Amino acid sequence: MAHPARVGILGTGVYVPERVLTNAELEKLVDTSDQWIRERTGIRERRIIGPEETVATMAAAAARQALENSGIEPGQLSHIIVATNSPDYLYPAVAIRVQDALGLNGSLGAFDLQAGCSGFNYALYLAERLVAADGRPVLVIGSDANSRFTDWRDRSTCVLFGDGAGAVVAGPVAQGGILASFVASSLNMKLYCETEFNAEVSPFLPRQETTRRHYIYMDGPEIFKFAVNAVKEAIRRISEMSGIPREEFDYLIIHQANNRILEAAARFAKVPMEKLYVNVDRYGNTSAASVPLALHEAVLSGHIKPGDKVLLCSFGAGVTWAAALLEWSG
Ligand code: UT7
């Protein structure tokens, strides 16, 4: 196939678990209140993965919907990339379980990518380059089960996160497509989750006390400051790269971590809040699933129309931040 002039998004899909966890339920778990959570974050409820579900089953469900909406047969794909921070296994990769679920064993390369809550943007950035190389579509998925790594005794983090998956098929487009994109990272240990390893039984390690470090740890106020600055830098940088002033962005899909961060982004971009999709109220922070989940809903509800210039922007652990500006192909 000839190299495409442009790479765009051909279709989107999502999956969220059925179980809804409300702020009222959290009031019974930790010393918090519905009012505090809504005022400080905008979150009203989030979804929690069921016992029979995995990061891979959520990813596969979102992937099937994205393939259907894009009119692409699984056999046409060249790669599957899953962005996740909560893989079901250290190995094999979630993406290979998705490959298996789609009946594609042995026919393509599937791998995971870990870049905090910016993972979907990172995967899309890579897919853009893969599609540009040979014109074949790439399945890009963000899937996270944060509830499995949440310390349900820690009120400063347990009210924030939720589970879910979002997927897109990236492929060649005749018009529009990705106009500019970048990824960035810098070491910052204000947000981390340690690997749980068996220090108790290894003869080569000093005996360790059981720690709670394999739960999500976040210095909220520090990460808040980073997040607001990261979004501002992303908007400035994408505007410069594309030559399109930020006021001319038609729609903004920003990582759904906190409504106050979204409001700061809107102020900086000089666009009204109506131009930002908000579903943090219903899902909380779904990490790598956040941007494709919001994108899918924004497209489905008619907020994004063909020809619109749409910013996809995320930030998270690493720290990482990344963005892409697309002209929506429809
Ligand atoms: O996806 C990765 C990126 N993540 C983010 O972008 C998250 C960025 N951070 C944030 O969104 C906010 O910092 C939080 C929502 C996490 C926290 O909001 P904040 O306004 O920065 O609150 P804070 O951490 O400064 O805490 C203010 C007060 C403290 O009490 P004192 O010391 O003032 O008495 C906390 O102990 O609120 C208290 N607090 C709570 N109270 C009720 C912290 N968590 C809770 C809670 N319920 N769940």
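Me: Why is strand 6 described as largely enclosed by the rest of the structure?

Reply: Please note at the outset that this is a predicted model. A residue is called buried when its relative accessible area is under 20%. In strand 6, eight of the eight residues are buried, so the strand is largely enclosed by the rest of the structure.

Me: Which residues of strand 6 are buried on one side and which on the other?

Reply: In a regular strand, side chains alternate between the two faces of the sheet. On one side of strand 6 the buried residues are Val138, Val140, Gly142 and Asp144.

Me: In which sense does strand 6 pair with strand 7, and in which sense with strand 4?

Reply: Strand 6 (residues 138-145) pairs with strand 7 in the antiparallel sense, over eight bridges. Two residues of strand 7 may be located as bridge partners: Val168 is the partner of Val140, and Gly164 is the partner of Asp144. With strand 4 (residues 79-83), strand 6 pairs in the parallel sense over five bridges. There, Ile80 has Leu139 of strand 6 as its bridge partner.

Me: How far from Asp163 is the nearest side chain of opposite charge?

Reply: To judge such a case, recall that a salt bridge requires the charged nitrogen and oxygen atoms to be within 4 Å. Asp163 lies in strand 7 (residues 163-173). Asp163 is buried yet has no salt bridge, since the nearest side chain of opposite charge, that of Arg148, is 6.6 Å away.

Me: What does the side chain of Asp163 reach?

Reply: The side chain of Asp163 reaches the backbone nitrogen of Ile49 at 2.8 Å. Beyond its neighbours within four places in sequence, the residues in contact with Asp163 include Val16, Pro17, Arg47, Met58, Asn146 and Thr286.

Me: How many salt bridges does a search of the whole structure find?

Reply: The search finds 11 salt bridges. One case is Arg38 with Asp34, whose closest N and O atoms are 2.9 Å apart. These two residues are four apart in helix 2 (residues 34-41), so about one helical turn separates them. Arg38 is partly exposed at 32% relative accessible area, and Asp34 is partly exposed at 25%.

Me: Is Asp151 buried or exposed, and what of Arg153?

Reply: Asp151 is buried, at 6% relative accessibility, whereas Arg153 is exposed, at 52%. The two form a salt bridge in which the closest N and O atoms are 3.1 Å apart.

Me: Where in the chain do Glu247 and Lys270 lie?

Reply: Glu247 and Lys270 form a salt bridge, with the closest N and O atoms 4.0 Å apart. The pair links distant parts of the chain, the two residues being 23 residues apart. Glu247 is in the loop between helix 7 (220-242) and strand 11 (251-254), and Lys270 is in the loop between helix 8 (259-269) and helix 9 (280-283). Glu247 is partly exposed, at 40%, and Lys270 is exposed, at 51%. Just after helix 8, Lys270 takes a positive phi of about 60°.

Me: What covers the buried residues of helix 8?

Reply: Eight of the 11 residues of helix 8 are buried, so the helix is largely enclosed by the rest of the structure. Among them are Ile261, Leu262 and Phe268. The cover includes helix 2, helix 7, strand 11, helix 9 and strand 12 (309-316). At the start of helix 8, a side-chain oxygen of Asn258 comes to within 2.8 Å of the backbone nitrogen of Arg260.

Technical notes. Residues are numbered from 1 along each chain as its sequence is written. This is a predicted model: local features need pLDDT of at least 70, side-chain atom pairs count only at pLDDT 80 or more; totals for chains, interfaces and linings use all residues. Side-chain values use heavy atoms; hydrogens and water are left out. Buried means under 20% relative accessible area, exposed over 50%, partly exposed in between (1.4 Å probe, protein chains only). Lys and Arg count as positive and Asp and Glu as negative; His and the chain ends are not counted. A polar contact is a pair of N or O atoms within 3.5 Å; within protein, one must be able to donate a hydrogen and the other to accept it, and residues adjacent in sequence count only if both atoms are side-chain atoms. Contact means heavy atoms within 4.5 Å. Two strands pair if DSSP finds at least two bridges between them.
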